[in-house]
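Open the model in your viewer and keep the selection tool handy. We will go from stop to stop, selecting a few residues each time and looking at what is there.

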Amino acid sequence: MNVIRVEDLRFKYRRAERYSLKDISFTVKRGELLGIIGPSGSGKSTLCLTLNGIIPNSIKGEFEGEVVITDPRTGEEYNTKETPVPTLSTIVGLVLQNPESQLFNMTVEEEIAFGLENLGLERNEILRRLRWALEVTGLRGLEKEFPPNLSGGQQQRLAIAAVLAMEPSIIVLDEPTSQLDPVGKQEVLGLVSLLNREHGITVVLVEHHTDYILRYADRVIVMDRGEIVLQGAPKEVAEEADTLRRLGVKLPPALEVSHELKKRGVLGETVLTPEELLSRIGRPSR
Ligand SMILES: Nc1ncnc2c1ncn2[C@@H]1O[C@H](COP(=O)(O)OP(=O)(O)O)[C@@H](O)[C@H]1O
Ligand SMILES: [Mg+2]
């Protein structure tokens with residue numbers, strides 16, 4: 001079942017000279033993790049904003065084509081240009097790059113409960129969702145903390161908790177680790193994997209950490225200048241080393257080595273991880 005269907009999407013911001021998105025078409029199946037990579041300015045954030053309807057409902061411009069979201073719980077389809085953002089936000093949750101910009105309450109629990117109170121849910125339901133969101137994101141025990149006092153990784157997990165409390169079936173994360181230190185990056189990417197694998201949440205992840213994307217994504221989209229230039233399984237995308245290098249995408253070391261060994265005829269196919277590389281090469285014989 002496709003939960004996201006984007007068809008011939010083009011978008012130009014008001015007063016902009018050029019289209020930020022051109023002829024974008026792809027689908028995402030229920031439970032998939034879709035990775036999006038591409039240089040700065042290639043349209044990744046703009047694409048994220050189209051997935052929960054902020055574009056074209058709140059940020060207007062020239063919008064052509066369609067973005068259709070299916071709620072897997074009901075099977076109902078929502079064409080984003082005809083659906084209010086609050087309705088879409090219970091199906092598609094959006095997490096941004098900078099956690100501070102998304103946090104504005106006095107305590108961790110108020111931050112998570114905030115959106116729920118606006119949904120008009122009953123007290124017991126709010127408490128149930130609050131406990132669940134704290135548990136999944138590993139923030140239990142920090143309920144009364146002042147969000148700005150948390151570490152970067154904790155703040156981003158809190159932003160994710162606030163989105164999860166809405167119980168979306170899809171979450172879209174736009175470079176959620178780019179402001180974080182290595183520990184925070186691991187915390188957040190570990191959480192993303194957990195949500196996808198254990199909780200069946202469909203994930204769209206924009207991430208510079210190519211190593212993570214190639215390892216964990218089911219499918220990868222590579223963008224450049226508002227267009228999709230590559231799209232496929234991680235291995236298929238990884239084969240296109242020249243295109244990736246031209247776009248400045250940093251390839252994981254195992255992949256660089258694998259390309260070199262392939263060129264020299266030592267390896268028959270592209271290998272993505274150090275573990276796989278070692279198992280292909282085998283032990284040196286004496
Ligand atoms: N609010 C805006 N108004 C006009 N142009 C914008 C706006 N936001 C982004 N753009 C332009 O759209 C293009 C894509 O930007 P963006 O989606 O932020 O790319 P990325 O997230 O890949 O860095 C860029 O050329 C950028 O300058
Ligand atoms: Mg961006």
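Most peptide bonds are trans, and most residues other than glycine have a negative phi. Keep that in mind for another stop on the way. One thing to know as you go: this is a predicted model.

**The ligand**

Next, select ligand 1 and show its surroundings. Which residues do you find around ligand 1? They are Tyr13, Ser20, Pro39, Ser40, Gly41, Ser42, Gly43, Lys44, Ser45 and Thr46. Colour this shell by class and you get 2 nonpolar, 7 polar and 1 charged residues. Then highlight helix 1, residues 44-51: this helix gives the most to the shell, with 3 residues.

- Serine 20 has a polar side-chain atom 2.7 Å from an oxygen atom of ligand 1.
- For serine 45, a polar side-chain atom is 2.8 Å from an oxygen atom of ligand 1.
- Threonine 46 places a polar side-chain atom 2.5 Å from an oxygen atom of ligand 1.

On its own, ligand 1 has 560 Å² of accessible area, and the protein covers 57% of that.

Now for some empty space. Rolling a probe the size of a water molecule over the atoms shows where such space is left. Select Ser89, Leu94, Ala162, Val163 and Met166: of the 19 residues that line the largest pocket, these lie nearest its centre. Strand 6 (92-95), helix 4 (108-119) and helix 6 (152-164) are the elements that each give two or more residues to this lining. Which of them has the largest share? That is helix 4, with 4 residues. The volume of the largest pocket is about 520 Å³, and its lining has 12 nonpolar, 6 polar and 1 charged residues.

Move on to the second largest pocket, which holds about 230 Å³ of space. Select His208, His209, Thr210, Val249 and Lys250, the closest to its centre among the 18 residues of the lining. By class, that lining divides into 8 nonpolar, 5 polar and 5 charged residues.

Go to the loop between helix 6 and strand 7 (170-174) and pick out glutamate 167. Glutamate 167 is not a glycine, but its phi is positive, near 50°.

**The whole view**

Finally, zoom out and select residues 4-250. The UniProt record, an unreviewed entry, annotates this stretch as "domain: ABC transporter". Over these residues the chain is 36% helix and 26% strand. Draw a line between the C-alpha atoms at the two ends of the stretch, and you will find them 28 Å apart.

Key: Residues are numbered from 1 along each chain as its sequence is written. Chains are lettered from A and ligands numbered from 1 in the order in which they are written. This is a predicted model: local features need pLDDT of at least 70, side-chain atom pairs count only at pLDDT 80 or more; totals for chains, interfaces and linings use all residues. Side-chain values use heavy atoms; hydrogens and water are left out. A residue is near a molecule or strand if one of its heavy atoms lies within 4 Å of it. A polar contact is a pair of N or O atoms within 3.5 Å; within protein, one must be able to donate a hydrogen and the other to accept it, and residues adjacent in sequence count only if both atoms are side-chain atoms. Accessible areas come from the Shrake-Rupley method with a 1.4 Å probe; for residues, only the protein chains shown count as cover. Ala, Val, Leu, Ile, Met, Phe, Trp, Tyr, Cys and Pro count as nonpolar, Asp, Glu, Lys and Arg as charged, and the others, Gly among them, as polar. On a 1 Å grid over the protein atoms alone, a cavity is a set of points where a 1.4 Å probe fits but cannot get out, and a pocket is an open set with protein on both sides within 12 Å along at least five of seven lines; lining residues have an atom within 4 Å of a point. Grid points are joined across faces, edges and corners, and a volume is the space filled by probe spheres set on the points. UniProt positions are given in the numbering used here, feature names are shortened, and annotations may be inferred rather than shown by experiment.
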